[in-house]
Number of protein chains: 4
Amino acid sequence: MISFLNDYSEGAHPAVLRALEKHNLVPTVGYGEDEITREAKELLRRAMGKEDAEIHFLVGGTQTNSAAAAFLLRPWEGVISAETGHIAQHETGAVEAAGHKVLTLPSHAGKLRPGEVRAALLSHRENEIREHTVKPGMIYISNPTELGTVYDREELRALKEAAEEFRVPLYLDGARLGSALAAAGDRLTLRDIARYTDVFTVGGTKNGMLFGEALVFPDPEKAREFRYLEKQRGAMLAKGWLLGLQFKALFEDGLYFRLAEEAVGLARRLSDGLRKAGAELYVESPTNQVFVLLSEEEAACLREKYAFEFWEKPDGEKSVYRFVVSFARTGEEIDSLLRDAGDLIEKRNKRS
Amino acid sequence: MISFLNDYSEGAHPAVLRALEKHNLVPTVGYGEDEITREAKELLRRAMGKEDAEIHFLVGGTQTNSAAAAFLLRPWEGVISAETGHIAQHETGAVEAAGHKVLTLPSHAGKLRPGEVRAALLSHRENEIREHTVKPGMIYISNPTELGTVYDREELRALKEAAEEFRVPLYLDGARLGSALAAAGDRLTLRDIARYTDVFTVGGTKNGMLFGEALVFPDPEKAREFRYLEKQRGAMLAKGWLLGLQFKALFEDGLYFRLAEEAVGLARRLSDGLRKAGAELYVESPTNQVFVLLSEEEAACLREKYAFEFWEKPDGEKSVYRFVVSFARTGEEIDSLLRDAGDLIEKRNKRS
Amino acid sequence: MISFLNDYSEGAHPAVLRALEKHNLVPTVGYGEDEITREAKELLRRAMGKEDAEIHFLVGGTQTNSAAAAFLLRPWEGVISAETGHIAQHETGAVEAAGHKVLTLPSHAGKLRPGEVRAALLSHRENEIREHTVKPGMIYISNPTELGTVYDREELRALKEAAEEFRVPLYLDGARLGSALAAAGDRLTLRDIARYTDVFTVGGTKNGMLFGEALVFPDPEKAREFRYLEKQRGAMLAKGWLLGLQFKALFEDGLYFRLAEEAVGLARRLSDGLRKAGAELYVESPTNQVFVLLSEEEAACLREKYAFEFWEKPDGEKSVYRFVVSFARTGEEIDSLLRDAGDLIEKRNKRS
Amino acid sequence: MISFLNDYSEGAHPAVLRALEKHNLVPTVGYGEDEITREAKELLRRAMGKEDAEIHFLVGGTQTNSAAAAFLLRPWEGVISAETGHIAQHETGAVEAAGHKVLTLPSHAGKLRPGEVRAALLSHRENEIREHTVKPGMIYISNPTELGTVYDREELRALKEAAEEFRVPLYLDGARLGSALAAAGDRLTLRDIARYTDVFTVGGTKNGMLFGEALVFPDPEKAREFRYLEKQRGAMLAKGWLLGLQFKALFEDGLYFRLAEEAVGLARRLSDGLRKAGAELYVESPTNQVFVLLSEEEAACLREKYAFEFWEKPDGEKSVYRFVVSFARTGEEIDSLLRDAGDLIEKRNKRS
């Protein structure tokens with residue numbers, strides 16, 4: 001069974017395990033105040049070109065997003081998010097559990113439009129009874145989005161301008177950040193992200209780590225006392241060096257970027273191949289997720305050899321299925337899938 | 001430098017790393033719904049003699065304690081705890097952040113007295129304006145306590161009786177549960193704990209795992225819908241099998257118990273040796289923590305070779321220092337410390 | 001200036017003030033445990049035909065709605081509401097501040113459709129990753145709705161069936177309940193409401209009281225320990241008898257119903273008159289709110305003598321304005337408005 | 001039956017009711033944005049000598065205290081309070097429900113000692129693992145305290161100095177503020193309070209109003225966006241002018257102060273008389289609460305004519321009973337109680 005289920009199906013890249021193996025029995029101070037963690041943060045700071053960025057390593061994505069919302073918002077403020085946003089859909093109301101409404105705007109293939117964000121902020125400001133409504137206090141985007149699409153530099157800049165005009169922080173959920181950067185190439189760098197957002201995350205779980213998300217505040221002034229909140233929310237790992245060690249392994253020689261580039265390259269090979277074979281893609285995703293329309297029979301047939309996820313059923317006969325390319329997939333596996341899927345699609349197209 | 005700083009200074013027992021190494025690249029379904037996790041839970045259930053106990057694996061202790069409080073309590077209920085309880089002191093108000101007051105009672109070497117717990121419950125029930133006060137909705141104990149002391153079967157049974165009489169669940173924080181069981185011997189077994197508590201945890205972080213706490217509901221009826229809360233609080237690990245794998249490694253042949261027994265044995269060797277050398281112990285801790293009174297000079301002297309923690313300064317000249325014996329310590333290391341500490345204490349006693 | 005701004009512009013009906021005057025200096029026990037409050041509850045129980053209903057008197061609507069949500073929901077549950085629902089729009093995120101997501105469904109002139117509610121509940125139940133999403137734990141409707149429309153007996157029954165099938169309570173926000181009952185006539189009685197909802201409110205503020213909402217649990221078993229929550233949320237009035245006294249004044253001889261009937265009668269006279277004069281109504285509201293489309297000039301002109309609220313600007317030239325008929329309005333005032341508005345509309349229609 | 005139960009047993013001073021009667025049917029804009037409310041705030045500002053103080057009128061005390069805590073604190077911060085503080089004892093954990101721990105310090109007849117407050121703040125600052133503990137983020141005092149005692153100017157100044165040094169706001173719960181000012185005379189004025197606290201309340205409920213507490217921020221910068229929170233917490237009254245009107249009635253000619261002075265004068269007559277008769281007072285309360293030690297028989301005997309509250313049972317034979325003098329009590333009533341209690345005490349003293 002070849003897994004395209006998701007990019008968190010496997011454990012860690014071997015380089016990460018080697019580092020762990022090596023350090024395992026060395027006594028190390030707890031709660032992330034160790035030397036390895038310091039080095040890992042230094043590597044990240046260098047990669048984003050912000051020498052004094054404040055960085056915290058947390059375990060998981062929902063934890064990180066809701067801790068950030070709890071940290072950034074006042075009790076009467078909410079978060080603007082696309083209605084497809086992870087915090088709006090798949091975190092069991094973690095943001096609301098922290099007391100804050102998620103204020104949804106339309107999703108454009110997973111993305112927010114800067115104009116619509118500005119309009120929402122303006123509409124609140126001009127509302128005469130605004131105090132009876134939730135104040136937008138933060139903008140949440142994910143990059144790549146939940147549909148695998150990517151914001152580029154210009155879009156980030158436009159969102160940042162709106163955010164600054166209305167004095168609300170722009171937060172970027174980078175659970176798959178490597179993939180966004182690999183897909184965007186010159187059109188978006190880690191430096192851009194550190195420049196055009198107020199807070200962002202660098203996801204490790206979906207790009208070669210056992211677990212781990214870096215929460216980055218490019219301006220350290222905006223991060224004061226975050227560690228209290230981290231501890232309070234159970235997000236401070238006792239053996240915090242486990243997080244530092246993994247980030248160090250991925251960032252000391254660019255492995256983080258290489259893994260993402262390989263996965264994105266394979267995903268592109270997959271989507272190009274599928275398109276060539278006559279398949280219909282549900283959304284143009286340039287990252288490591290491929291959304292294909294298949295009939296139930298075709299999906300069942302492919303499931304004999306491949307694991308992948310049903311995504312949704314739009315109107316029409318076919319359903320959307322998602323194929324995610326993790327760091328552990330190989331070119332051979334992609335080609336095998338392409339052959340099998342190609343055969344099915346060819347047959348289908350002949351019939352019609 | 002030999003570390004007695006704590007029992008979470010090192011990584012995992014080698015057996016855990018071997019298991020991880022072996023499984024690392026096998027694609028596995030996420031969020032703890034995998035086969036390894038199922039096996040691990042089965043092993044735990046067998047060890048505690050509760051075939052249908054509901055078990056959830058979480059990452060850390062503060063996370064687990066506050067999730068349990070959020071799950072067990074109604075909004076107007078609080079938790080009874082000794083004033084030395086971890087939730088009362090060292091979780092940055094995580095229980096309060098979930099909306100609940102910690103109702104402290106006196107600590108007797110870290111322990112609650114059943115009579116005092118019953119009196120507090122009765123006093124609330126008989127209070128004519130009780131609706132103006134927080135209702136006690138849960139009893140929290142840690143075993144071993146924060147001072148290394150241990151509740152035995154009879155004490156648990158008495159607490160459970162009070163809990164049942166007033167219909168509040170008894171929760172046992174077992175962050176160092178292995179150590180409590182090793183210290184208690186016949187006077188307390190895992191089966192007793194599953195019998196006399198409503199919810200309890202089996203700590204992995206401090207006994208040979210990289211991280212991981214098992215939250216156990218001996219009666220599965222009382223655990224319904226917990227997974228929602230787990231996800232909402234960011235406590236559901238994407239690669240949940242990492243938790244199952246570690247628990248499996250420790251429970252498939254009793255390693256969890258052996259590691260704790262060894263550490264407790266070494267700690268006893270340490271406390272016996274220190275006492276024999278004429279040292280004064282701050283508290284009678286039968287578990288893997290040893291609390292010794294030392295002068296500042298003695299502590300400074302020992303710090304050249306050993307890492308350990310200042311605990312507190314009671315009245316008098318000496319301070320309390322804590323030596324924790326982790327699974328990674330050896331008999332030689334204990335003997336080395338005993339020699340060095342013994343010399344210092346002997347000198348001191350000669351002078352006086 | 002004649003006010004159609006809202007139904008909470010004036011103080012209390014004179015009968016309420018007389019009762020207050022009379023009782024004012026009689027010492028009375030606090031926090032709603034007095035005799036008057038007991039009598040008022042008894043009157044309400046009789047009016048709804050539920051001898052053992054549990055009733056609590058709170059001060060305001062947002063307070064009552066959010067207390068009910070906090071009381072009825074588990075931490076991972078949310079409230080289904082029409083997107084126009086008061087809790088979704090105009091309570092500054094009070095439900096979210098209590099930790100719960102408002103799960104919005106389409107508004108049909110302010111109302112939820114039972115079929116859509118059932119579909120949403122079913123969709124959650126069948127979702128394989130439902131634990132990653134908020135569980136619907138309560139259905140919120142307002143009657144009349146925020147657009148002045150009314151649910152009748154059959155609609156309530158259908159909603160209640162869906163609620164029972166999925167075991168979620170049906171909550172009815174009756175901030176203007178008198179108005180709904182007056183409008184529905186035989187098609188809905190207070191007894192129906194007590195029968196087809198799990199919790200509902202009887203609003204006093206907008207129907208002749210200074211302030212006050214009754215929160216009713218037809219089944220007292222479902223109300224246990226509510227007083228703790230009431231106190232905790234600052235919703236328990238020290239001089240609680242002020243609430244009892246007002247409800248008693250309105251319910252001891254049916255004044256509550258008469259006031260609503262008069263206001264609804266006048267509102268109908270207004271809407272009938274406007275329609276006859278050729279005005280366009282934005283929504284068919286049978287209750288005490290009338291929504292009319294007017295040009296800006298017409299509105300400005302009417303504002304010289306009448307106070308009323310801009311509601312919204314749909315596409316097209318005209319805007320929607322809301323005229324609310326309070327218990328303090330008279331037939332003469334309605335006729336005056338009809339004459340002035342009629343003149344304007346006549347002129348307009350001549351021009352076109 | 002003459003009531004000494006509390007100072008919220010009766011309704012409002014007749015002057016308040018007259019004002020209500022007069023304004024009752026005048027249409028007025030909602031939510032406290034009316035002219036009367038503006039006038040009332042202006043009167044209060046003048047009385048405290050702070051022209052730009054920001055003032056909000058809320059309904060009750062628990063509501064006001066918990067809204068203030070929610071407004072002033074970050075999620076990881078707690079409130080320092082005497083262990084006898086109202087928020088620590090009798091608000092059903094409202095502060096914890098807002099997510100914050102109440103950090104109790106010893107009560108000295110209900111009061112905090114500035115030196116102990118400073119020590120607690122310092123101890124937190126110097127704690128090496130402070131991020132594992134709740135950060136003190138606000139100091140709560142009540143004046144008068146729950147035991148009727150009073151802070152004077154010097155004590156407030158010393159608390160304010162500690163608060164400023166550690167940058168935490170000093171909050172004063174003035175539920176019975178009039179009484180504290182009347183008791184303190186020259187040693188404390190409303191101006192002092194506005195000068196030496198960051199936020200304080202002026203209680204109306206217990207001094208002649210139906211209900212109502214003014215929440216005062218002497219520095220308006222520190223009050224920004226409070227109205228959002230007020231609405232969210234259900235603390236914004238629809239007919240907000242009811243609050244303004246009552247405060248106006250009490251402050252336009254000093255009635256607030258006169259009522260308190262009379263009550264305090266009568267309470268002093270009571271405590272002096274009791275002392276003279278040989279009674280033992282539990283605490284030296286210079287305000288409108290008198291705490292007397294009585295035997296159960298004596299209490300039962302007095303209860304035939306007087307209503308009052310059992311307070312607590314210290315060691316020894318007698319219990320503490322509380323007599324509260326409200327604005328509605330008269331000199332004759334005090335003298336009657338003095339005669340009856342005096343007789344009982346005389347008899348007792350003869351026997352012994």
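In this predicted model, chains C and D meet through the same surface, because 100% of the interface residues of chain C are also interface residues in chain D. Chain C can be laid on chain D by a turn of 180 degrees and a shift of 0.0 Å along the axis, with an RMSD of 0.0 Å. That is the relation of a two-fold axis.

**Where chain A touches chain B**

- The contact between these chains takes 40 residues from chain A and 40 residues from chain B.
- On the side of chain A that touches chain B, at least two residues each come from α1, α3 (61-72), α5 (94-97) and α10 (226-232).
- Helix α1(A) gives the largest share of that side, with 4 residues.
- Sorted by class, the side of chain A that touches chain B has 19 nonpolar, 17 polar and 4 charged residues.

**The two domains of chain A**

- Chain A is divided into domain 1, which covers 2-6 + 256-351, and domain 2, which covers 14-253.
- Taken over C-alpha atoms, the centres of domain 1 and domain 2 of chain A are separated by 29 Å.
- Where the two domains touch, domain 1 of chain A brings 15 residues to the contact and domain 2 of chain A brings 17 residues.
- Helix α12 (255-276) and strand β9 (289-294) of chain A each supply at least two residues of the domain 1 side of this contact.
- The largest share of the domain 1 side, 7 residues, comes from α12(A).
- By class, that side of domain 1 of chain A has 10 nonpolar, 4 polar and 1 charged residues.

**Helix α1 against helix α11 in chain A**

- Besides its share in the contact with chain B, α1 (residues 14-23) of chain A packs with α11 (residues 241-251) of chain A at an angle of about 135 degrees, and their axes are 9 Å apart.
- That angle makes α1(A) oblique to α11(A).
- The crossing of α1(A) and α11(A) is right-handed.
- To find this contact in the structure, look for A:A15, A:V16, A:A19, A:L20 and A:H23 in α1(A), which meet A:L245, A:Q246 and A:A249 in α11(A).
- By class, the contact of these two helices has 6 nonpolar, 2 polar and no charged residues.

Note on methods. Residues numbered from 1 in each chain as written. Chains lettered and ligands numbered in written order. Predicted model: local features only at pLDDT ≥ 70, side-chain atom pairs only at ≥ 80, totals over all residues. Axes fitted to C-alpha atoms, helices over the stretch in contact; angles between N-to-C directions. Parallel < 35°, antiparallel > 145°, perpendicular 65-115°, else oblique. Left-handed = near helix turned anticlockwise from the far one by under 90°. Contact = placed C-beta atoms within 7 Å. Nonpolar A, V, L, I, M, F, W, Y, C, P; charged D, E, K, R; others polar. Least-squares fit on C-alpha atoms with pLDDT ≥ 70 in both. Domains from an automatic or database assignment.
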